[in-house]
Amino acid sequence: MILLISDLHLHEERPDITGAFLAFLQQQAKQAQALYILGDFFEVWIGDDAMTPFQRSIAEALSAVAASGTQIYLMHGNRDFLIGDDFCQLADCTLLKDPSLVQLAGEPVLLMHGDSLCTSDRSYIRLRRVLRNPLILFILRNLPLHKRQRLAGDLRQKSKTSTRMKASDITDVNAEEVTRVMARYKVRTLIHGHTHRPAIHNLADDKQRIVLGDWDTQGWYIEASAKQLTLQTLPFTATSAAV
Ligand code: LP5
């Protein structure tokens with residue numbers, strides 16, 4: 001069995017989410033062959049050199065699960081694209097490119113964070129292009145810590161203000177972009193997060209787009225068995241239920 005999660009937005013101020021995730025690691029992930037984390041695992045990440053004790057403890061929890069035999073794969077999200085090799089070494093996980101093709105439930109499945117599919121959100125796509133430019137990434141990684149903290153805070157603030165003004169269809173994925181990407185990678189199934197709109201969308205030609213939900217009042221994960229993919233919820237109290 002393989003598990004996929006996205007958008008936990010882990011941070012110290014949400015011990016309920018952290019607790020649910022640590023329980024998920026013990027109760028579900030330890031039994032899995034692999035765990036895929038599709039971005040925005042942390043609320044914000046400003047560099048491995050700025051890792052807090054809280055973030056370090058999460059890396060150690062992942063590493064303990066990896067030691068029990070579960071392969072852990074991590075994809076960047078729009079909040080934590082500065083996660084680098086030091087974190088991955090500590091967590092014993094492999095950084096996954098966005099997009100990545102993997103074999104799940106007997107077929108090739110495309111995994112993405114999902115932000116790059118939101119092509120109607122022009123100002124975000126422009127910002128993404130700037131922030132993911134290798135030269136800008138190099139500069140950001142080498143800024144003094146206090147400057148990175150201030151920049152991340154400013155960006156969050158601008159993003160909150162700007163997102164409130166955007167129509168709901170602007171911040172969702174663009175249907176044409178989904179069709180284009182799925183055709184390019186020749187897949188019947190696409191899995192992503194980012195939009196916080198968990199659902200299974202049945203598309204033309206027997207294709208499907210499965211959207212993982214963010215962890216807020218409950219958790220979301222996909223369980224991939226040898227034959228099928230199921231989207232499941234995880235109540236923050238105890239056991240999980242299929243939807
Ligand atoms: O995050 P979320 O889901 O709330 O909103 C996203 C888009 N916003 C973002 C920005 C992040 O929230 C902030 C990331 C901060 C931390 C990362 C580290 C940063 C590095 C700095 C330190 C080293 O991704 C939001 C989308 C929304 O998803 C839905 O898809 O709409 O996009 C925006 O709101 C962006 C605005 O539209 C444009 C804001 C312009 C800001 C211009 C500042 C330029 C600074 C350039 C710096 C080099």
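Q: In this predicted model, does Gln 232 count as buried or exposed, and what is its relative accessibility?

A: A residue with under 20% relative accessible area is called buried. Gln 232 has a relative accessibility of 9%, so Gln 232 counts as buried. Gln 232 belongs to strand 11, which covers residues 229–235, and its side chain makes a polar contact with the side chain of Thr 230 at 3.2 Å.

Q: Where is Lys 97 placed, and does Lys 97 count as buried or exposed?

A: Lys 97 is found in the loop between strand 4 (94–96) and strand 5 (100–104). Because its relative accessibility is 69%, Lys 97 counts as exposed. In sequence Lys 97 and Met 112 are 15 residues apart, while their C-alpha atoms are 8.4 Å apart in space.

Q: Which residues form a nonpolar patch on the surface?

A: The patch is formed by Leu 135, Phe 138 and Ile 139, which together have about 330 Å² of accessible area. Ile 139 sits in helix 5, residues 134–142, and is partly exposed, with a relative accessible area of 43%.

Q: How many disulfides does a search of the whole structure find?

A: A disulfide is a covalent bond between the sulfur atoms of two cysteines. A search of the whole structure finds zero disulfides. Cys 93, for example, is in no disulfide, and the nearest cysteine sulfur, that of Cys 88, is 3.8 Å away, whereas the cut-off for a disulfide is 2.5 Å. Cys 93 is buried, with a relative accessible area of 10%, and Cys 118 also counts as buried, at 1% relative accessibility.

Q: How many aromatic pairs are found in the whole structure, and what describes such a pair?

A: A pair of aromatic rings is described by the distance of the centres and the angle of the planes. The search of the whole structure finds 10 aromatic pairs. One of them joins Phe 24 and Tyr 221, whose ring centres are 5.2 Å apart and whose planes stand at 55°, so this pair is tilted. Phe 24 lies in helix 1 (residues 15–27) and Tyr 221 in strand 10 (residues 218–224), so the pair ties together parts that are 197 residues apart in sequence. Phe 24 counts as buried at 0% relative accessibility, and Tyr 221 counts as buried at 1%.

Q: Which kind of aromatic pair do Phe 42 and Phe 87 form?

A: Phe 42 and Phe 87 form an edge-to-face pair, 5.6 Å centre to centre, with 90° between the planes. Phe 42 lies in the loop between strand 2 (34–37) and helix 2 (53–67), and Phe 87 in helix 3 (residues 85–91), so the pair ties together parts that are 45 residues apart in sequence.

Methods
Residues numbered from 1 in each chain as written. Predicted model: local features only at pLDDT ≥ 70, side-chain atom pairs only at ≥ 80, totals over all residues. Heavy atoms only, no water. Patch = residues over 30% accessible without salt bridge, like charges linked within 9 Å, V, L, I, M, F, W, Y side chains within 5 Å. Areas by Shrake-Rupley, 256 points an atom, 1.4 Å probe, with all protein chains shown as cover. Salt bridge = Lys/Arg side-chain N within 4 Å of Asp/Glu carboxyl O. Helix = DSSP H or I, 4+ residues; strand = E, 2+ residues; numbered from the N terminus. Buried < 20%, exposed > 50% of the residue type's maximum accessible area, 1.4 Å probe, protein only. Polar contact = N/O pair within 3.5 Å; in protein donor to acceptor, adjacent residues only side chain to side chain. Phe/Tyr/Trp six-rings, centres within 6.5 Å; stacked < 30°, edge-to-face > 60°.
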